[in-house]
Amino acid sequence: MRDYDIIVIGGGHAGIEAAAAAAREGFSTLMITQSLDAIGRLSCNPAIGGLAKGNLVREVDALGGVMGLLIDGTMIQYRTLNRRRGPAVQAPRAQADKFSYSRAAKEMLEHIPKLSLFMDTVTDLIVEKDAVVGVVTERGWRIGCRRLVMTTGTFMDGRIFIGEWDAPCGRLGEGAAIGLGASLRRLGFDVGRLKTGTPARVRASSLDWDELEVQPGDEEVIPFSFLHDEVDRPRLDCYVTWTNGETHRIIRENMHRSPLYGGKIVGRGPRYCPSIEDKVMRFPDRERHQIFVEPEGVGTEEMYLNGLSSSLPEDVQHEFIRTLPGLRHCEIMRPAYAVEYDYLNPLDLYPSLESKRLSNLFIAGQTNGTSGYEEAAAQGIVAGINAALSLRGEKPLILGRDEAYIGVLIDDLVTKGTKEPYRMFTSRAEYRLSLRSDNADLRLTRLGWQKHSVDEERLERLDAKIRQMSDLKASLASYRERGKSALALLKEPEVTVDGLVDRIPSIASFQPAVRREVELDVKYEGYLRRQELEIARFERAEAMAIPPDFDYDALKGLSGESREKLKLVRPLSIGQAQRISGLRVSDIAILMMAVKGV
């Protein structure tokens with residue numbers, strides 16, 4: 001087999017974006033994955049987006065990624081979450097046709113020039129002089145590369161648990177990737193264990209629909225991808241039910257059979273997406289927990305029980321699931337299970353997602369301790385772009401916390417690390433009013449063009465949008481009423497751009513996305529100006545660079561704890577140093593004085 005410029009290990013959401021980005025940059029790229037049929041599989045919730053997560057998807061798209069295109073082409077329900085709240089915390093979310101999404105992802109990758117797909121399992125790395133130069137596969141292939149992107153997801157030494165039964169799997173029915181974790185341990189990597197899980201799937205025709213509460217999608221569908229003006233897809237309803245006292249009693253009485261509580265699982269699970277066992281034990285006073293019953297696709301009977309993940313035995317699952325309204329006669333098609341897997345300490349990464357331990361190695365996705373498809377895709381596109389940029393000899397793409405949710409995500413990982421699956425929230429972003437999902441293209445597409453990941457079509461659409469926004473603002477400024485321009489009227493809470501169409505007919509000629517963008521810019525102009533002052537202070541700290549080889553042992557006056565933390569993280573700026581957990585203010589002052597004198 002030939003050698004490649006870039007190899008990507010894994011065909012999940014991080015691997016998809018990394019491989020597509022690397023190939024778009026013009027480098028020969030090989031994706032190695034255990035199953036070509038599982039590329040882009042929505043192994044847990046068949047949905048893309050959500051609070052903060054929808055922002056990540058739009059940012060990935062603005063940088064030239066594919067997740068937005070895939071969900072636009074396969075969605076079966078769309079909702080804007082937090083629609084009644086401010087724009088800083090609103091986000092798009094869509095149910096996907098699970099099987100169509102995976103098929104579309106594979107077909108899209110197959111048609112990208114310079115990208116090859118290969119079905120095998122990577123078991124070891126080929127290392128020369130502290131640099132990765134290739135991989136070894138389970139079937140004995142030794143394939144050389146100049147850069148390697150590792151996105152192993154939940155498969156690296158993965159093991160699934162259903163009550164007393166367990167097996168080496170990354171997903172139910174799919175074998176674990178054995179060998180690579182042991183190889184990384186030998187190479188000195190800090191390898192830990194994390195846990196996640198997924199609920200049971202039930203048969204739609206076995207449900208009592210009149211006992212379920214209908215949850216329809218929005219009439220207005222806003223595309224995830226900035227390449228699309230509209231989305232025309234079949235629409236399916238979701239449903240809601242609730243656990244009850246009988247559900248909780250069955251779970252409590254069988255808790256001794258849970259591997260999570262019996263000690264078989266040692267990895268920590270996601271705090272913000274707990275299993276039903278965790279919910280019952282942590283919140284004993286709660287009388288019920290909300291469960292969403294969601295379709296897995298247009299052509300399947302399988303329904304996903306969102307909020308009901310479990311590792312209890314199958315007989316217990318059958319018993320407690322059938323206590324829920326609407327599910328009393330349900331047929332379980334796939335059981336819930338927990339999966340435990342290897343992850344690598346993200347403190348061992350630079351903000352470019354390149355490893356500090358081995359050069360030429362980039363790591364992305366759940367391998368870095370994150371949870372969720374969107375967090376994985378966000379890291380994947382950055383790792384793929386930066387692997388390519390390093391081959392070009394150009395500076396990496398490093399997004400600031402003021403520029404993107406992606407920047408917040410990666411900065412949190414490489415500066416603070418994680419001991420549990422990391423999930424993105426709007427509350428993690430200090431400048432979330434500037435990082436809205438609707439303006440991701442304005443923030444990132446031109447930067448993507450500069451980093452070679454964005455094509456002409458995206459850039460042209462961005463320029464056209466900017467011109468339309470300018471023209472619309474000019475139209476609003478020229479119209480006067482009650483002694484005010486329409487721009488001034490728009491600052492009033494009850495006035496909307498669409499509400500001005502009768503008085504200013506030209507508004508109707510502008511695209512909905514342009515009208516929304518202008519309305520938000522005008523209404524929140526004052527808040528954005530204040531945030532710009534905060535960003536300016538943030539950027540001054542970020543601009544104070546710390547040399548990568550700075551000698552912290554030679555710096556007098558530092559506390560021992562701060563010295564060790566600085567040596568571990570090796571921050572690239574004073575701003576990043578300030579975000580290291582537990583660092584003393586006095587030690588930051590000492591470091592700042594030393595950096596100024598460098």
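The structure is a predicted model, in which local features need pLDDT of at least 70, side-chain atom pairs count only at pLDDT 80 or more, and totals for chains, interfaces and linings use all residues. Residues are numbered from 1 along each chain as its sequence is written, and side-chain values use heavy atoms, with hydrogens and water left out.

- Strands are DSSP runs of E with at least two residues, helices are runs of H or I with at least four, and both are numbered from the N terminus.
- E1 pairs in the parallel sense with strand E9 (residues 142-150) over 5 bridges, where pairing requires that DSSP finds at least two bridges between two strands.
- E1 also runs parallel to strand E2 (residues 29-33), joined by 4 bridges.
- Ile7 has Leu148 as its bridge partner in E9 and Leu30 as its bridge partner in E2.

**Tyr341**
- Tyr341 is part of strand E21 (residues 337-344) and counts as buried at 0% relative accessibility.
- Between the C-alpha atoms of Tyr341 and Ser586 there are 39 Å, with the two residues 245 apart along the chain.

**Glu460**
- Glu460 belongs to helix H13 (residues 456-478).
- Its relative accessibility is 51%, so Glu460 counts as exposed.

Key
Buried < 20%, exposed > 50% of the residue type's maximum accessible area, 1.4 Å probe, protein only.
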